[in-house]
Structure formats: C-alpha cells, structure tokens
Amino acid sequence: WPSWGRPEVLNSWLFRALLWPFWAAGHEWGLQTWRWFATLGALALAVAAGRRLGGRGLLPLLGVTLAALVLRQRTQVRPETLSFVLAALQLWVLEARRQCGPDRRWALPVVALLWANAHVSSWRGLFLTAGFAAEAAWRARLDPAARGEARTLAGWLAASALASFV
C-alpha cells in the first residue's frame with residue numbers, strides 16, 4: 001500500500017457525516033433507516049417532478065414504480081443514495097420554474113455544493129442544469145421574450161459550477 005499512513009481525502013465526506021447519526025442511533029437498523037429515507041425521498045421528489053411535468057392520475061406513480069425496479073439494485077448504503085435525492089431535488093426545482101411555478105432556482109448552487117461534497121457524480125447536476133439552459137436558449141431563439149430566462153439559467157449554471165468548487 002503506497003499510501004499507507006498518508007491522510008485520505010474523501011470526496012464523499014458529507015455522506016459519511018450525514019450517515020453517522022443513523023449509525024450511532026441504530027447501527028444496522030439505523031443504516032437501513034437511512035436507506036429507506038433516501039430511497040423514499042428520491043422517489044417522492046421524482047413523483048413531484050412528474051406532476052410538474054404534467055403527469056396526472058397514476059402515471060407518475062407508474063414511472064416511479066418502474067424507476068424503483070431499476071433502483072433496487074443500487075439502494076445499498078452508499079453515497080449514491082444521497083446523489084439520487086439531490087438529482088431528484090434539482091430536477092424538481094428546474095421543472096417547477098419551467099412550468100411557471102415558484103422560483104426556487106436559488107437552491108441550485110446549494111444542491112451543487114452538497115452534491116460536490118457527497119459524491120463524485122456532481123458533474124451530472126451541472127449537466128442537468130446545462131440541459132435546461134440549452135432548452136431555454138433554443139426557445140429564446142424562436143421567442144425573443146424568452147431570452148431573459150435563458151440568461152438567468154446560464155447565470156444559475158455558472159453559480160452552481162462555482163459552488164461545486166467551493
């Protein structure tokens with residue numbers, strides 16, 4: 001082991017810090033509680049985003065059921081469980097604004113900061129925001145009134161990228 005004795009810098013330190021109270025409270029049962037909270041939180045946010053996208057009736061629940069069948073392979077107590085919740089939260093924030101809901105885009109840099117300290121896949125959040133910004137830029141090309149939305153999303157993307165490096 002060439003790194004024996006050297007300090008180990010973990011990019012998932014936030015996940016470990018959030019997991020510790022669950023472990024301290026219940027050991028294995030505490031870890032299972034974390035697993036269920038994280039999974040149900042991600043799926044609940046996915047249903048909320050599906051409703052924002054226009055899904056009515058049982059359709060968002062069907063989508064979440066299919067996602068749960070895929071997700072069940074990855075619901076171990078690992079940093080991915082927190083990244084699932086952060087991805088669903090970011091999608092919900094972005095979609096709520098696009099559907100003329102309340103503007104919660106101030107949360108995007110916060111999610112980027114949390115994600116960068118919780119899992120190595122934080123670039124996916126930036127990519128998701130970039131996709132929404134690209135879609136807004138495409139709409140602005142056709143409708144000049146939508147240019148402000150494209151600029152605003154580009155600004156939030158830049159703020160999220162900066163927050164990722166904090």
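In the predicted model, Gly41 is partly exposed, with a relative accessible area of 24%, a value that falls in this class because buried residues are those under 20% and exposed residues those over 50%.

The largest pocket of the model holds about 230 Å³ of space. Its lining is made up of Ala42, Leu43, Ala46, Ala67, Leu71, Phe84, Ala87, Ala88 and Leu91, and the elements that give two or more residues to this lining are helix H1 (13-52), helix H2 (59-71) and helix H3 (79-98). Of the contributing elements, H3 gives the most, with four residues. When the lining is sorted by class, nine residues are nonpolar, whereas no polar and no charged residues are present.

Helix H1 also meets helix H4 (residues 107-118), the axes of the two coming within 5 Å and crossing at roughly 90°. H1 is therefore described as roughly perpendicular to H4, since angles of 65 to 115 degrees are counted in that category. On the H1 side the contact is made by Trp13, Leu14 and Phe15, while H4 takes part through Leu114, Asn117 and Ala118. By class, this contact of H1 with H4 comprises five nonpolar residues and one polar residue, with no charged residues.

How values were computed. Residues are numbered from 1 along each chain as its sequence is written. This is a predicted model: local features need pLDDT of at least 70, side-chain atom pairs count only at pLDDT 80 or more; totals for chains, interfaces and linings use all residues. Side-chain values use heavy atoms; hydrogens and water are left out. On a 1 Å grid over the protein atoms alone, a cavity is a set of points where a 1.4 Å probe fits but cannot get out, and a pocket is an open set with protein on both sides within 12 Å along at least five of seven lines; lining residues have an atom within 4 Å of a point. Grid points are joined across faces, edges and corners, and a volume is the space filled by probe spheres set on the points. Ala, Val, Leu, Ile, Met, Phe, Trp, Tyr, Cys and Pro count as nonpolar, Asp, Glu, Lys and Arg as charged, and the others, Gly among them, as polar. Axes are lines fitted to C-alpha atoms, for helices over the stretch in contact, and angles run from 0 to 180 degrees between N-to-C directions. Angles under 35 degrees count as roughly parallel, over 145 as roughly antiparallel, 65 to 115 as roughly perpendicular and the rest as oblique. Contact means heavy atoms within 4.5 Å. Buried means under 20% relative accessible area, exposed over 50%, partly exposed in between (1.4 Å probe, protein chains only).
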